[in-house]
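Thanks for coming. Please have the structure open.

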Amino acid sequence: MFAWVKALMAVAACLLLTAAPAVAADRNIASRITGVSHEMMGEKLRLVLKVSTAPAFTLFTLIGPDRLVIDMPSLVWEVTPEDLTGIPHIGTWRAGLFRPDRARIVIELARPLAVDRAFTEPSHGGKSARLVIDLEPVNSDVFEARSGAPEMARWHGTPPGTLTTRPGEIVIALDPGHGGVDPGASYKHVTEKAITLAFALQLAEELERRPGFRAFMTRDSDIFVPLAERVARAHRAGAHVLISIHADTVEVGAARGMSIYRLSEQATDAAAAALAERENRSDVLAGADLDGDGDDIARLLIELAQRGTKVESAKLAKAVFGALNGQVTMLRTRPMREANFRVLKAPDIPSILLELGFLNSEEDRQRLTDPQWRAEAALLVADGIASWRSVASPGFLGRR
């Protein structure tokens, strides 16, 4: 029934970044990153990463925002937040798996800085090593001309196998937000990527206990998966529903409680729009903005196909909200919300985004880190999914 839509999605396939020169080493040794220091040499900035062993590495820069990317086979990130403060021209850092075979460190730059040279050397005593990176200020045009991801640094993940189902089973794709090099929101050492994975695993366990339901995870470990690939994995698994799972922090004021989002070009309010913008940029910040928009005709046909799916997504959101409301703390203002999330744009899969709460709310954070609360909330979400099945349009329940 939806084969033509899937074909159109292939037309609107991922576009890769243009390759650019990179600085690379030729060793293949995993390393623990135990500290960061810096030194100013005139206008040049020298970054020094303390490592357990001299790693193989690749360096390149990306624009939008400007950032430095360091790739290596694997790493254990033991750097403290204090190590990363007070470095001139440097913004936020993130580190973690980018692919099963590649770890990544992404450093946002407050001004354009090009790599002058990079090398490793033994530390004093020879029991560890240093990765030294010299950066020099350049103008924006030069920075942009030198920036881009080399072919070997692009995301080439191994897709999971297809899901075997029995006739009549409903496949629920669970999408734990963020992962790997993309931590998502964080507060007091609690990261969104860890909370969403823990909740998704408990929800999957609850669904698998129920006859007629199968759970499929777009990721089941702490690894990065681009947004377009998350939807593609749900398609390959024959998913009938996609539930993207997230947690947030609030930058102004205070908020607590769960909320449910569905796709809309017009956001419920400015906060919803800002949240969607942050989530949609996660691929960009991780260095894997692979998603192309496709041509105008493909976009138009996909939007037409989405009209029926949006109606079904609204049914799903209402059913899950009905199961949660009165049983858990919901966001006080408009717990049913809308925003333009890329991960909800599958034209043939009803999709919602479940915000579990706010990490910088003490009450929410205690709940989100409590396995018992997650299990109880997962049971309620599963109840909501079961309620949707009883009212779903037959066309959305057939074999995919």
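**Helix packing and aromatic pairs**

The crossing of helices H3 and H9 is right-handed. Keep in mind that this is a predicted model. H3 covers residues 192–208 and H9 covers residues 371–391; their axes are 8 Å apart, at an angle of about 50 degrees. The two helices are therefore oblique to each other.

On the H3 side, the contact is made by Ala-198, Phe-199, Gln-202, Leu-203, Glu-206 and Leu-207. From H9, the residues taking part include Pro-371, Arg-374, Ala-378, Val-381 and Ile-385. Sorted by class, the contact of H3 with H9 has twelve nonpolar residues, one polar and two charged.

Now the aromatics. How many aromatic pairs does the structure hold? There are three, and I will show two of them.

Take Trp-77 and Trp-93. Their ring centres are 6.2 Å apart and the planes are at 35 degrees, so this pair is tilted. Trp-77 is in strand S6, residues 75–77, and Trp-93 is in strand S7, residues 90–99, so the pair ties together parts 16 residues apart in sequence. Buried or exposed? Trp-93, at 13% relative accessibility, counts as buried, while Trp-77, at 28%, counts as partly exposed.

Next, Phe-98 and Phe-224. Here the ring centres are 5.3 Å apart with the planes at 15 degrees; planes under 30 degrees apart count as stacked, so this pair is stacked. Phe-98 is in S7, and Phe-224 sits in the loop between strand S14 and helix H4, so the pair ties together parts that are 126 residues apart in sequence. Both Phe-98 and Phe-224 are buried.

Definitions and conventions:
Residues are numbered from 1 along each chain as its sequence is written. This is a predicted model: local features need pLDDT of at least 70, side-chain atom pairs count only at pLDDT 80 or more; totals for chains, interfaces and linings use all residues. Side-chain values use heavy atoms; hydrogens and water are left out. Axes are lines fitted to C-alpha atoms, for helices over the stretch in contact, and angles run from 0 to 180 degrees between N-to-C directions. Helices (H or I, at least four residues) and strands (E, at least two) are DSSP runs, numbered from the N terminus. Angles under 35 degrees count as roughly parallel, over 145 as roughly antiparallel, 65 to 115 as roughly perpendicular and the rest as oblique. A crossing is left-handed if the near helix is turned anticlockwise from the far one by less than a right angle, and right-handed if clockwise. Contact means heavy atoms within 4.5 Å. Ala, Val, Leu, Ile, Met, Phe, Trp, Tyr, Cys and Pro count as nonpolar, Asp, Glu, Lys and Arg as charged, and the others, Gly among them, as polar. Rings of Phe, Tyr and Trp (its six-membered ring) pair if their centres lie within 6.5 Å; planes under 30 degrees apart count as stacked, over 60 as edge-to-face and the rest as tilted. Buried means under 20% relative accessible area, exposed over 50%, partly exposed in between (1.4 Å probe, protein chains only).
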